[in-house]
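Open the model in your viewer and keep the selection tool at hand. The tour goes stop by stop.

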Amino acid sequence: IMIAFGAMLSHQELFADKNVSRMILLMTVAALGVCLFFMSKSLARFLKPLLQLLPHKRGIDILRNFYDAIHGYKQHPLVVLQAVVISIVVQVLFFTSIYLLATAIHLNVALNLFLVFIPLVSLAAIAPSLNGLGVRDVMFVYFFGKYCSEEGALAIAVLIDALFISLGLVGGVVFALAGKMDLKALDKASATDQT
């Protein structure tokens, strides 16, 4: 979201597209609200009565534990900063790889547009679907169809789908060949790291 907001600021003509600017501003406000919620115990206490709307006590306990786990990082700002920097680097590399795919099939779309639109496409792909299939394709055509041909935008979406599927297959084969993951060893290593 930070990358999309920064890229939109550097690509001023995107403000002319009210749908894009509204979506990015809404995402930015929502992200800041979530950060504020997890950093402020008083805001969490204010919203605590909403937990009573959940039908199961187990769901309330899971949400409380999740909140406490995230809120605990307030005491470790360096870890949070490192995670943010790593996340930005990985996301920029991801956006750049999609840009290189577009360049490989001779689509002339600026890298800034990928930095702005890919977060919006990724957010839409969270919608109930089969790993974003179909939703991602439609969103690519909607956003990128204005800057290149709709066929080219759909081609990029299909290439990304193929990339995701092939990476999943490779990961699945590696996992299958490596055997089952030893969860007890992971728990033991995690407990050692925390002490």
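**Stop 1: helix H2**

Select Lys 18, Arg 22, Leu 26, Val 29 and Leu 36: these exposed residues sit on the face of H2 turned away from its buried side. Exposed means over 50% relative accessible area, buried under 20%, and partly exposed in between, with a 1.4 Å probe and protein chains only. Helices are DSSP runs of H or I with at least four residues, numbered from the N terminus.

This is a predicted model: local features need pLDDT of at least 70, side-chain atom pairs count only at pLDDT 80 or more, and totals for chains, interfaces and linings use all residues. Residues are numbered from 1 along each chain as its sequence is written, and side-chain values use heavy atoms, leaving out hydrogens and water.

Now select Val 20, Ser 21, Ile 24, Met 27, Thr 28 and Phe 38, the buried residues of H2. Looking down the axis of H2, these buried residues fall within an arc of 135 degrees, so they line one face of the helix. The arc is taken from the directions from the helix axis to the C-beta atoms.

**Stop 2: a nonpolar surface patch**

Select Met 2, Tyr 73, Val 79, Val 80, Val 84, Ile 88 and Val 92. Together they form a nonpolar surface patch with about 540 Å² of accessible area. Areas come from the Shrake-Rupley method with a 1.4 Å probe, and for residues only the protein chains shown count as cover. Patch residues have over 30% relative accessible area and no salt bridge; nonpolar side chains (Val, Leu, Ile, Met, Phe, Trp, Tyr) are joined within 5 Å. A salt bridge puts a side-chain nitrogen of Lys or Arg within 4 Å of a carboxyl oxygen of Asp or Glu.

Helix H5 (residues 77–104) supplies the largest share of the patch, 5 residues. Zoom in on Ile 88, in helix H5. Ile 88 is partly exposed, at 31% relative accessible area.

**Stop 3: aromatic rings**

The whole structure holds 9 aromatic pairs. Rings of Phe, Tyr and Trp (its six-membered ring) pair if their centres lie within 6.5 Å; planes under 30 degrees apart are stacked, over 60 edge-to-face, the rest tilted.

Select Phe 117 and Phe 144. Their ring centres are 5.2 Å apart and their planes at 85 degrees, so the pair is edge-to-face. Phe 117 lies in helix H6 (residues 111–125) and Phe 144 in helix H7 (residues 135–144), so the pair ties together parts 27 residues apart in sequence. Phe 117 is buried, at 0% relative accessible area.

Methods:
Helix = DSSP H or I, 4+ residues; strand = E, 2+ residues; numbered from the N terminus. Patch = residues over 30% accessible without salt bridge, like charges linked within 9 Å, V, L, I, M, F, W, Y side chains within 5 Å.
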